[in-house]
Amino acid sequence: MKTSAPHIVSAFEDALKRLKSAIVQMAGAAETQIDQALTCLAQRNPDLAREIVEADARLDSFEHDIEAHCMRLLALRQPVADDLREVIAALKIAGDLERIGDHAANTAKRAVAIFSLPESGSLAGLPQLGRLVRERLSAVIDAYVDNDGEAALRIWRTDDEVDALYTSLVAEVERSALAAPDQFMAHMHLMMIAKNLERIGDHATNIAEVVHFISTGEALLDERPKADHSYDPVG
């Protein structure tokens, strides 16, 4: 008597591959959002800022599609063990990527508000933070694709690099604000841009935790490495 078990297993494996592919596509869209937000800052381009905000809906659509895919897999396949981790992880990663898109869009919105501010050292420091969090997101998605728990752990352990740069940047903005008190609102926008970029770094670290769990089946229970955040006027 023939059995359909091999076909069922193959169909489920294909469904998991499509799910992973969707996550990678969503991550690519999020990376593009970050790149464009940083370009918007560098070029002081309000038209690009509007495009970024409008494109954020694409990430929302990605998240909804991935959620629907996961719900179907959970309901119809009832995965267990490694397969269940893959599905739950996809839900979590999609949520973090959607929030990354939100922070990139918020960065673009804030950028429009500071285009009247003359370029300064405080503004010049933002691209460095943006590049760092962008690199971390790219690296953690590579770890996800490769199912590399060790790479994810390395990214998780260096979360304090983003915190240290963010704290330094906030201090620089504060000094600039003291020197130009008439530009108070502009400097507040700079603070919020820095905070949005720092939060992108946090979401990349969240993804690192998820990737490590997929790979090892073990949660990272230690407290995240953190730079001194004893004073964070935005957080």
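Helix axes here are lines fitted to C-alpha atoms over the stretch in contact, with angles running from 0 to 180 degrees between N-to-C directions. The helices themselves are DSSP runs (H or I, at least four residues), numbered from the N terminus. The model is a predicted one, so local features need pLDDT of at least 70 and side-chain atom pairs count only at pLDDT 80 or more, while totals for chains, interfaces and linings use all residues. Residues are numbered from 1 along each chain as its sequence is written, and side-chain values use heavy atoms, leaving out hydrogens and water.

Take helix 3 (residues 81-113) and helix 8 (residues 184-216) to begin with: their axes come within 9 Å and cross at roughly 170°. That makes the two roughly antiparallel (over 145 degrees). Sorted by class, their contact has 16 nonpolar residues, 7 polar and 7 charged, with Ala, Val, Leu, Ile, Met, Phe, Trp, Tyr, Cys and Pro taken as nonpolar, Asp, Glu, Lys and Arg as charged, and the others, Gly among them, as polar.

Then there is Met-26, which sits in helix 1 (residues 5-43). Met-26 is buried, at 0% relative accessible area (buried means under 20%, with a 1.4 Å probe and protein chains only). Leaving aside residues up to four places away in sequence, Met-26 touches Leu-59, Phe-62, Glu-63, Ile-66, Ala-94, Leu-97 and Glu-98 (heavy atoms within 4.5 Å). Glu-63 is 37 residues from Met-26 along the chain, and their C-alpha atoms are separated by 7.9 Å.

As for helix 5 (residues 126-146), its buried residues include Leu-126, Arg-134, Arg-136 and Tyr-144. Asn-147 follows helix 5 and has a positive phi, near 55°.

Key: Parallel < 35°, antiparallel > 145°, perpendicular 65-115°, else oblique. Buried < 20%, exposed > 50% of the residue type's maximum accessible area, 1.4 Å probe, protein only.
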